[in-house]
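Here are my notes on this model. Please read them alongside the coordinates.

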Amino acid sequence: MDRFVDMILSEKKEYLNRIKKQVDAHHEIVIYGAGVCGKNLAKLLLDVGVTPRAFCVSNPDRNRKQEWGIPIRSLSDVIQEKRDDVYLIAAEPPKNESMIHTLNDYEISAYIDITPHFLQIVDPVYLRPIIEITSRVGCKVNCRYCPQNLFIKKYRSSMRPLVTSFETFQTCLDHLPQDVVLDFAGFAEPFLNPQIVDMMEYAVERGHNLRLYTTLIGASGKDLERVLKIPFLSVVLHLPDKKKCANIPITGEYLWMLESCLSAVKEDGQPFIDHANAQCEPPQEILDRIKGRVRVSWDMIDWAGNIDTQEVRSSELKNGSLLCAMAARQNHNILLPDGSLLLCCMDWGMEYILGNLMKENYKDIVQGKAINEVRMAMLERKTRSHNFLCKSCTSAVEIF
């Protein structure tokens, strides 16, 4: 897998050199797109000394006014200024194609399209090991497009703890290197575990970077007061939706917590909430509250074939050699309450148990037989079973 890492690093270097050449030629940089891709690209450019003059978007009302001091403006307004701009496309396929068509309609030819692995080269943690913390089995949010029943049935087929204890979490962290990013997300809402904030604070003390994905269900006011002080790399808020696909009651307490999160800022001055998503369009009451404060998106997937419905995005079966868009080394894994480490967030059926952090060191697990069999199967079609999970995954990319 290291050759794919080298490929991505080389692609990233070449992409940044193209941009720097435009800057050296006295062109100004405009990022077309202010979603996750655009924000990641902006942060990458700022880190290498390139400051874009603006983001441009088709619908400014769905976005904040600025990110890192870079204004977010309408595409038409930016174009009307007739400055010597080069536009950087910042969206995943196929959205990038429609953006290029829009620029062509404006007779704009000075743009740089995304690279083959654009999402990976702008993702600040793509090449780092990541573990998602599933701190309990069973989730009362009960999202319509979530394979909870499959996971619960498989997990409970043998005697296992249903909730991660603080002691179990401590033991698992003892077996982890410090550079592993911890995502409080997994197969259930984090705040449904009453000790989850203790775990977050302990992980920070141990030197880990954290990310949070939450609906806020289960959180108390005291929990939130502590959580807002934690230096998360990113926070994604899952919102209620019009069809009530997610069981997120819009109560007075919920609206208070939502407002608290929207008003909070991180140590660097950036908003506490980086992005919001939903299973479908949020109700107007929520949209009114978040307008201009956080960008929201909705795009549901079939979790690598674990949901059988035409209402979500799925992937055609892939037969070539595969690269994981989430983790080049298959090291974006899921920690369960009993210490088991699963392959990834698509493995709701627990088909690929890599090891157990209660008993094994992380280094041994990620160099072990189970994960190497997956890596081999991604590269060589002849080693795959007919129902190999990655073949039907929306995050799998055919490389040849």
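At what angle do the axes of helix H1 and helix H2 cross?

1. Basis. This is a predicted model, in which local features need pLDDT of at least 70, side-chain atom pairs count only at pLDDT 80 or more, and totals for chains, interfaces and linings use all residues. Residues are numbered from 1 along each chain as its sequence is written, and side-chain values use heavy atoms, with hydrogens and water left out.

2. H1 and H2. The axes of H1 (residues 2–24) and H2 (residues 36–47) cross at roughly 75° and come within 12 Å. That makes H1 roughly perpendicular to H2 (65 to 115 degrees counts as such). Axes here are lines fitted to C-alpha atoms over the stretch in contact, with angles from 0 to 180 degrees between N-to-C directions. Helices are DSSP runs of H or I with at least four residues, strands are E runs of at least two, and both are numbered from the N terminus. On the H1 side, Lys12, Tyr15, Leu16 and Ile19 meet Leu41, Leu44 and Leu45 of H2. Contact means heavy atoms within 4.5 Å. The residues of this contact divide into six nonpolar, no polar and one charged (nonpolar: Ala, Val, Leu, Ile, Met, Phe, Trp, Tyr, Cys and Pro; charged: Asp, Glu, Lys and Arg; polar: the others, Gly among them).

3. H4. Asn96, Met99, Ile100 and Leu103 are the buried residues of H4 (residues 95–105). Buried means under 20% relative accessible area, exposed over 50% (1.4 Å probe, protein chains only). Seen down the axis, the buried residues fall within an arc of 100°, so they line one face of H4. The arc is taken from the directions from the helix axis to the C-beta atoms. These residues pack against strand E1 (28–32), helix H3 (75–80), strand E5 (85–89) and strand E6 (111–112). The face turned away carries exposed His101 and Asp105.

4. H6. Gln148, Phe151 and Tyr155 are buried in H6. Their arc is only 70° around the axis, which puts them on the same side of H6. Asn149 and Lys153 are exposed on the other side.

5. Threonine 164. This residue lies in the loop between H6 (148–155) and H7 (166–174). Threonine 164 counts as buried, at 4% relative accessibility. Leaving aside neighbours within four places in sequence, its contacts include Thr134, Arg136, Phe169, Met199 and Pro337.

Definitions and conventions:
Angles under 35 degrees count as roughly parallel, over 145 as roughly antiparallel, 65 to 115 as roughly perpendicular and the rest as oblique.
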